[in-house]
Amino acid sequence: MSAAQSFRAEAAKRILVKDGAYGTLVQAEKLDGCTYGGDLGLSRDQRGNNDLLNLTCPRLVEEICDRFAAAGADVLATNSFNANAISQADYGAESYVADMNRAAAKIVRSVADRWTAKDGKPRWVAGALGPTNKTLSLSPNVNDPAFREVDFDTVKAVYREQIDALVEGGVDFVLIETIFDTLNAKAGIMAALEAERALGRELPIMISMTLTDLSGRNLSGHTVEGFWASVRHARPLTIGLNCSFGAAQLRPHLAALSAQADTLVMAYPNAGLPNELGQYDEAAAETAAQVREWLDDGLVNVVGGCCGTTPDHIAAIAEAVKDATPRVIPKANGHTMLAGLEPMVLAA
């Protein structure tokens, strides 16, 4: 049985749980620049470069992953959100991209396998791809709407480098997450499909959109239905929402997506909305109670946490889903659905 087959089989029986936020736990450590940079000899200050810790402080990354596994996470994502050449250019660390992704995957793979050997419960490793800090859909220059800092082929190549290293390190799935620009996501999807062809075997994709305001659109203007129309050709293992807001604010948009998507839905919210200092105050029990409302409405198959969520949040969510019924995947309606900022549906 392939990883995707085992994942779908488990998801048919129960709600699965994804892990929480690496960044939240790393920030709590208050690491200095020397810890981040290690002995790599990089000239720029590496503070905040969490992905580099896969190389310079792998024990900390492993400990964080282990805490999420102990809390009940079935899906363990790699610490590789910004481990791409575009984002790493800010730190002058582009040459270490392949190494940090390979290391990230090996760390999480070892934790997942150790816990599965301990209790027999299957766990899966998702190779996390963040959106980069560039956008393909919008110009950063208000005086030149046609200008782009990067082009599609460049973004695709950047993602391909990351995906190849994550696969070499042992991931089961590719998780394209926190998507604020649908065109960036499509570059990631194409990179994953090309990597799949090169491998000669299945490389399942997980896709997760982030909303920029309560109207339910991402930065490139797509509604959740329009976004689904744009990416459903990739036949993702999961589709869903992450980051954005807390669970309560995501609920109506998650309901809209859940009604459309003929695949598994995964959602992992922030621990509420940030306070004036950018910190997340929502307690684990409160997050879990809001997620429980999703379950009562049959909206999700996989749940977890994003910004501000700790192992306590994941443990509370895991407890909340224990007796929950998984969402029933709707059948495709057979209509032609075209992608714009909103979908256009043509009768079959």
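Predicted model: local features only at pLDDT ≥ 70, side-chain atom pairs only at ≥ 80, totals over all residues.
Residues are numbered from 1 along each chain as its sequence is written, and side-chain values use heavy atoms, with hydrogens and water left out.

The largest cavity holds about 40 Å³ of space, where a volume is the space filled by probe spheres set on the grid points, and points are joined across faces, edges and corners. Its lining (residues with an atom within 4 Å of a point) consists of Gly130, Pro131, Tyr159, Ile176, Glu177, Ile179, Phe180, Asp181, Asn184 and Ala185. Helices (H or I, at least four residues) and strands (E, at least two) are DSSP runs, numbered from the N terminus. By class, the cavity lining has 6 nonpolar, 2 polar and 2 charged residues; Ala, Val, Leu, Ile, Met, Phe, Trp, Tyr, Cys and Pro count as nonpolar, Asp, Glu, Lys and Arg as charged, and the others, Gly among them, as polar.

Turning to open space, the largest pocket (an open set with protein on both sides within 12 Å along at least five of seven lines) has a volume of about 880 Å³. It is lined by 38 residues, of which Ala21, Tyr22, Gly23, Thr24 and Cys307 are the closest to its centre. Two or more lining residues come from each of α2 (22–28), α6 (85–88) and β4 (173–179), with α2 giving the most, at 6 residues. The pocket lining divides into 13 nonpolar, 20 polar and 5 charged residues.

The axes of α5 (residues 58–71) and α13 (residues 311–320) come within 8 Å and cross at roughly 20°; axes are lines fitted to C-alpha atoms over the stretch in contact, and angles run from 0 to 180 degrees between N-to-C directions. The two helices are therefore roughly parallel to each other, a term for angles under 35 degrees. Arg67, Phe68 and Ala71 of α5 meet Pro311, Ile314, Ala315 and Ala318 of α13, contact meaning heavy atoms within 4.5 Å. This contact has 6 nonpolar, no polar and 1 charged residues.

Key
1 Å grid on protein atoms, 1.4 Å probe; cavity = no way out; pocket = protein on both sides within 12 Å on 5 of 7 lines; lining within 4 Å. Parallel < 35°, antiparallel > 145°, perpendicular 65-115°, else oblique.
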